Amino acid sequence: MMPSAHPIREVYRASIRHALGASQIVEFKDGLLAIDNEGKIAACDAFEKLSPRLPKDCMVHDLRGSWIIPGFVDCHVHLPQLDCRNKNGLTLLDWLNKYIYPAEAQFADPKMVQKIAPRFYDELLSHGITTAAIHSTVHFEATDIAFNIANDKGLRVVMGQVLMDQNAPENLLRPAIQLLRETEKLMKKWHGKNGKLFYGVTPRFALTCSEGLLLEAGRLAENSKVYFQTHLAETIKEVEQAKDIHHFKNYAAFYEDQHCLSPHSLFAHCIYLNDEELKILSGYQCSMSHCPTSNVFLKSGTMPIGKIKQHNIRCGLGTDVGAGPTFSMREVISCSLEVHPKNEMDEKRGFYMATLGGAEALSLSDQIGNFMEGKWADFAVFDNSECAGLAEQSYVAGKLVWSASNGS
């Protein structure tokens, strides 16, 4: 990453924390974050070291008493499930049928996404999440509107229209050819827009997609070099049903056969994968999203984070709202510490996975994830010394975005 060649426009003074690696956390109790006139990081250092080098005319934001951290990266979340949180008492497949599919069917009316999406994005920002990998719904128009609103809010998103052509309610199924054509239209319109909006080809999971749909979806993502995102091995029952439907022995090899594996492929959950399957995913440099609050809520199981580390698979954290009951990445990190032994997960690794590790999982670490010079100035300001509670503000690639919770 080349240092910024542009003059410093403004600086933020506060306590600062960011990750340089999974176990390397840098902190400045009294630090300065300097931003250039392009909205990129010009410098990040201790106040006493950096302040003598500042130009006299730069704007200084004194936020002492707060912490500045890189914007959180949510590697797996569902926009239409905003109001489906805390619908408990069921496991995954029953929960989908009782709560989620009916909620998503409402997005056939464009007014629903116009109502939900602004609140959804404000929730992300108010919790310090500036980048997210998002599942929309099967509806073309709703997904297009969701991209428009994300653009207006200034977030960085990977998002896609959900693909389903079997084993779901009839009103949520579409012919494969229709889904692929609509996906291609959305991809051409939005992928790379403003350098912050990216398209993810988004089959829901193997149960609701025919092999033909998965194969063409995989080829579309492969040929167009866009993201591919789906759920994988979240529950034992899902794995068993997927094997019955598609007649495979190796879940990862099945996706390999459908041309769905690449360095831009992101798989959520990945709880029930064996070493052979993990080796395949690692060989294609795929990424994973660990969603511990969701896994606990639906009693799905625990991701084998130790094995995933052994296979050198990039892995970020996801809130997985609405199975995940909260947008708080702090709570997601805390949950990961509770469900994994200390030799597999500690606070440093959790913080890394929520910031730089998430950016790496989305192949965006050259742009965001920490405060190295030349990266975009995506950061969140938290209101106490423990980096707990809600973010007061999020600074997204040169744009300061106040959260709805602050009345703006």
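Student: What should I know before I start?

Tutor: Residues are numbered from 1 along each chain as its sequence is written, and side-chain values use heavy atoms, leaving out hydrogens and water. As the model is predicted, local features need pLDDT of at least 70 and side-chain atom pairs count only at pLDDT 80 or more, while totals for chains, interfaces and linings use all residues.

Student: In which sense do strand 1 and strand 2 pair?

Tutor: Strands are DSSP runs of E, at least two residues, and helices are runs of H or I, at least four residues, both numbered from the N terminus. Two strands pair if DSSP finds at least two bridges between them. Here strand 1 (residues 8-19) and strand 2 (residues 25-36) are antiparallel, over 10 bridges. A hairpin of five residues joins them, and His 18 has Val 26 as its bridge partner.

Student: Which residue takes a positive phi in the hairpin of strand 2 and strand 3?

Tutor: That is Gly 39, with phi near 85 degrees. Strand 3 (residues 41-46) runs antiparallel to strand 2, with five bridges.

Student: Is Ile 116 buried or exposed?

Tutor: Buried means under 20% relative accessible area, exposed over 50%, and partly exposed in between (1.4 Å probe, protein chains only). Ile 116 is buried because its relative accessible area is 5%. This residue lies in helix 3 (residues 110-126).

Student: What does Ile 116 touch?

Tutor: Contact means heavy atoms within 4.5 Å. Not counting residues up to four places away in sequence, Ile 116 touches Leu 79, Leu 82, Asp 83 and Phe 107.
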